[in-house]
Amino acid sequence: MNIAENLQNIKNTLPEHVHLVAVSKTKPIADLLEAYNAGQRIFGENKIQEMTEKWEQMPKDIQWHMIGHVQTNKVKYMAPYVSLIHGVDSLKLLVEINRQAKKWRRVIPCLLQVYIATEESKFGLAHDELLQLIHSEEFKALENIKIIGLMGMASFTEDADLIRKEFQSLKDIFDYLQPYQLPNCHFQQLSMGMSGDYKIAIECGSTIVRIGSSIFGGR
Ligand SMILES: *Cc1c(COP(=O)(O)O)cnc(C)c1O
């Protein structure tokens, strides 16, 4: 597995406006350093404790993205340094992120995770929940978070048409919400696409792809 080569091959296929998150969950520091030395500066992890341990050990010019489900009681560990939280799916979680961000006198960028897959999943907001959230007075009062877009995961399937349909539905919601601007809400980024489906995601308007196994190998 040549990490630098894998990274380069993927970057060659990405349009210039698409950001690449190297998903390094479960991988050792040596692998992350290999990607870092090849120029990669955005890393994604799905567990706060593991991300924090890696943040402590890795160079400080890295942007750390939390891509997994976030437990409210663990937000405090990443609040000082996290660059973007992809999987925000409740007002309660946003309130806690806001509270911790305030302690560090910073504004933490977040994406709202939307439930788009046809298959059963526990995570993500349904369309009506999403609208309810951003129109609520409690949300509008949060000053230390900024919603910069949406995140979604397609069904785990070989059916490319279904994946495309699901990504397209997220793009439609994104386009609908984009004009909606509040001090803490400015839709610019659409995080969708993993190793198996990122090419379809980009065709559907993704601006952030989260790629793990195609860079670092299987887990
Ligand atoms: C693990 C993970 C990825 C990367 O998956 P690969 O198939 O290894 O590219 C992307 N997004 C989320 C939310 C993940 O948990």
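Helices here are DSSP runs of H or I with at least four residues, strands are runs of E with at least two, and both are numbered from the N terminus. A word on the ground rules: this is a predicted model, in which local features need pLDDT of at least 70 and side-chain atom pairs count only at pLDDT 80 or more, while totals for chains, interfaces and linings use all residues. Residues are numbered from 1 along each chain as its sequence is written, and side-chain values use heavy atoms, with hydrogens and water left out.

Helix 2 spans residues 29-37, and its buried residues are Asp 31, Leu 32, Ala 35 and Tyr 36. They sit on the same side of helix 2 because they cover an arc of only 145° around the axis; the arc is taken from the directions from the helix axis to the C-beta atoms. Buried stands for under 20% relative accessible area, exposed for over 50%, and partly exposed for what lies in between, with a 1.4 Å probe and protein chains only.

The face turned away from the buried side of helix 2 carries exposed Ala 30 and Asn 37. The cover over the buried residues of helix 2 includes helix 1 (3-13), strand 2 (42-45), helix 3 (48-57), strand 3 (63-66) and helix 10 (213-216), where contact means heavy atoms within 4.5 Å.

## Helix 1

Helix 1 has Ile 3, Asn 6, Leu 7 and Ile 10 as buried residues. Seen down the axis of helix 1, these fall within an arc of 100°, so they line one face of the helix. Strand 1, helix 2, helix 9 (198-203), strand 8 and helix 10 are among the elements that cover them.

## Aromatic pairs

How many aromatic pairs does the structure hold? There are three. Rings of Phe, Tyr and Trp (its six-membered ring) pair if their centres lie within 6.5 Å; planes under 30 degrees apart count as stacked, over 60 as edge-to-face and the rest as tilted. One of the pairs joins Phe 43 and Trp 64, and is tilted, at 5.7 Å centre to centre with 35° between the planes. Phe 43 belongs to strand 2 and Trp 64 to strand 3, so this pair ties together parts that are 21 residues apart in sequence. Both Phe 43 and Trp 64 are buried.

Another pair is edge-to-face, because the rings of Phe 174 and Phe 187 have centres 6.4 Å apart and planes at 75°. Phe 174 lies in helix 8 (residues 160-177) and Phe 187 in strand 7 (residues 185-191), so parts 13 residues apart in sequence are tied together by the pair. Phe 174 counts as buried at 6% relative accessibility, and Phe 187 counts as buried at 1%.

## The largest pocket

The largest pocket has a volume of about 800 Å³. Grid points are joined across faces, edges and corners, and the volume is the space filled by probe spheres set on the points.

The lining of the largest pocket comprises 32 residues, with Lys 25, Met 153, Ala 154, Met 194 and Arg 210 nearest its centre. Strand 5 (108-114) and strand 8 (208-211) each supply at least two lining residues. By class, the lining divides into 14 nonpolar, eleven polar and seven charged residues. Nonpolar covers Ala, Val, Leu, Ile, Met, Phe, Trp, Tyr, Cys and Pro, charged covers Asp, Glu, Lys and Arg, and the others, Gly among them, count as polar.

## The second largest pocket and Lys 47

The second largest pocket holds about 150 Å³ of space. Its lining consists of Asn 46, Lys 47, Ile 48, Gln 49, Glu 50, His 69, Val 70, Gln 71 and Lys 74, with two nonpolar, four polar and three charged residues.

Lys 47 sits in the loop between strand 2 and helix 3 and counts as exposed at 52% relative accessibility.

Thr 26, in the loop between strand 1 (19-23) and helix 2, has a positive phi near 70° although not a glycine. Arg 105 also has a positive phi, of about 50°, without being a glycine, and lies in the loop between helix 5 (91-103) and strand 5. Thr 26 counts as exposed at 52% relative accessibility, and Arg 105 counts as exposed at 79%.

Key. 1 Å grid on protein atoms, 1.4 Å probe; cavity = no way out; pocket = protein on both sides within 12 Å on 5 of 7 lines; lining within 4 Å.
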